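I record here what I looked up in the structure below.

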Amino acid sequence: MIRITIEKPTIALLLLFSSVFWGLTFYAAKHIAHSIVVQEISERKEVVRSNIALVRAKIENAIFMDTYLAESLATFVTIDSDFAIEHWSLVAAKVVDESRLIRHVGLAPNNVISHVYPAEGNRAAIGFDFRTRPEQFRTVELARTSKRVFIAGPLQLVQGGEALIARFPVFSDYPLNTEYWGAISVVLDYQKLLDSSGILALDDAKVALRGRDGQGQNGAVFFGDSALFGAPDVTIPISLPSGQWQLVADYQIDPSTYSKSENQVRLFVHVIALVLFLSLLILYRAYYLARTASLQDELTKLPNRRHAIRQLSSLLGRTEPPSFALLNLDLNDFKLVNDKFGHEVGDKLLLHVSSILRNSVRVYDFIARFGGDEFIIIVHRVSEEEQVNSIVQQIKQQIQQHPFQVDRHLIAISVSIGHAFPQAGNTSVSELMARADHNMYYDKSVFRQQNHNALEID
């Protein structure tokens, strides 16, 4: 059985606790109520933080999805620019119709817009030379020199509204990409992006964005109050196909909204003050019962895997050299019992074996059920192979001399056992167990060569 030492309160501490209990009732009520309110606010902050993270994910997803979609158009132009120009309206319409944010697309051979889609409302852009507008030409050049898409903005459009512009460079000598052909500009609806991301509907938080043109924390603020970047509660990067934005937020949670909950908690604590002492005793006992159960195998009442690993870790973590051996035991052909008689009989067999093991080792040795039909034994105060071999043979003999009776059948039991000593240096639990497990399987293979069936059933 598992032995757990429980530190009992002394009589003096019990008397002291009893004498100050009612004096502390008021303080405890106030403190607990405050703690609960703090916890509720903390949980609310986690919800707000999760909502902010969801906003980030939606923004990234929308931009990357439409950028990827528009990139297929750039690829099409790269492969056959003449065919793309000839069927421009058909190709561009496909991209715009399948996108979420794309407002219109412009094709600019040699940086001069020759085609737009949709044409309605955008014809004035035809013939526009990016080189005449330094700010726009700068972003086109950034795309050309980087040889990849560049997300510009958010910026104010001449025709009204704000937008992001994805600049795609097109080269005529793919994959070398040394002969610049022109650019494709894809205008993304910035306001629609904000609406669909949910950033405008966030509760209990003020939010701001910066990083115009993907410059991250070095870029200009383009959404919210710039003062939020002084000491924000939340800072989250938003990745773009080129660069990133930075999202910051300050929580706007009013503690006074939780005053009703605080008063209810105080009242509740005062009501239960009379029975609190007894409740604490019950909780104290329940804690140790739960702790015991967590370290005990439900079937055999032996220590379980968790307790065994904890025991090994403790032994290997000591400063003095360890003086023990680890035995790994496995029933031979245990599956035959389960298959022939059912798992209920198999469980009874495991109880039978665990009882034999308890009587086969010394009182200070440690036995645990590791799982299934596998047991481990920590044999203390041994350092020689001969000592361990003697103990192993004794265990095998005890098990073989006590067959298991089920109905009219007598089941002769045998086990395979492997052992391992801690080695000099820093032996880990996993390494020690692996060596014992390896030796157990070697013992099992030898046994099977000598015996057709390890379990004999009469």
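Leaving aside its neighbours within four places in sequence, with which residues is V186 in contact? I found A70, I102, H104, V105, L164, I165, A166 and F168, contact meaning heavy atoms within 4.5 Å.

I noted that this is a predicted model, in which local features need pLDDT of at least 70 and side-chain atom pairs count only at pLDDT 80 or more, while totals for chains, interfaces and linings use all residues. Residues are numbered from 1 along each chain as its sequence is written, and side-chain values use heavy atoms, without hydrogens and water.

I next looked up the nonpolar cores (sets of buried Ala, Val, Leu, Ile, Met, Phe, Trp, Tyr and Cys residues joined through side-chain atoms within 4.5 Å; buried means under 20% relative accessible area with a 1.4 Å probe, protein chains only). The largest has 55 residues, and I184, V186, I199 and W245 have the most contacts inside it. Helix α1 (residues 11–79) gives the most to this core, with 13 residues; helices are DSSP runs of H or I, at least four residues, numbered from the N terminus. Another core, of 32 residues, lies apart from it and includes V353, F375, I377 and F421.

I then turned to helix α7 (residues 305–316) and helix α11 (residues 429–450), whose axes, lines fitted to C-alpha atoms over the stretch in contact, come within 10 Å and cross at roughly 115 degrees. The two are therefore roughly perpendicular to each other (65 to 115 degrees). I309, L312, S313 and L316 of α7 make the contact with V429, L432 and M433 of α11.

Terms used: Buried means under 20% relative accessible area, exposed over 50%, partly exposed in between (1.4 Å probe, protein chains only). Axes are lines fitted to C-alpha atoms, for helices over the stretch in contact, and angles run from 0 to 180 degrees between N-to-C directions. Angles under 35 degrees count as roughly parallel, over 145 as roughly antiparallel, 65 to 115 as roughly perpendicular and the rest as oblique.
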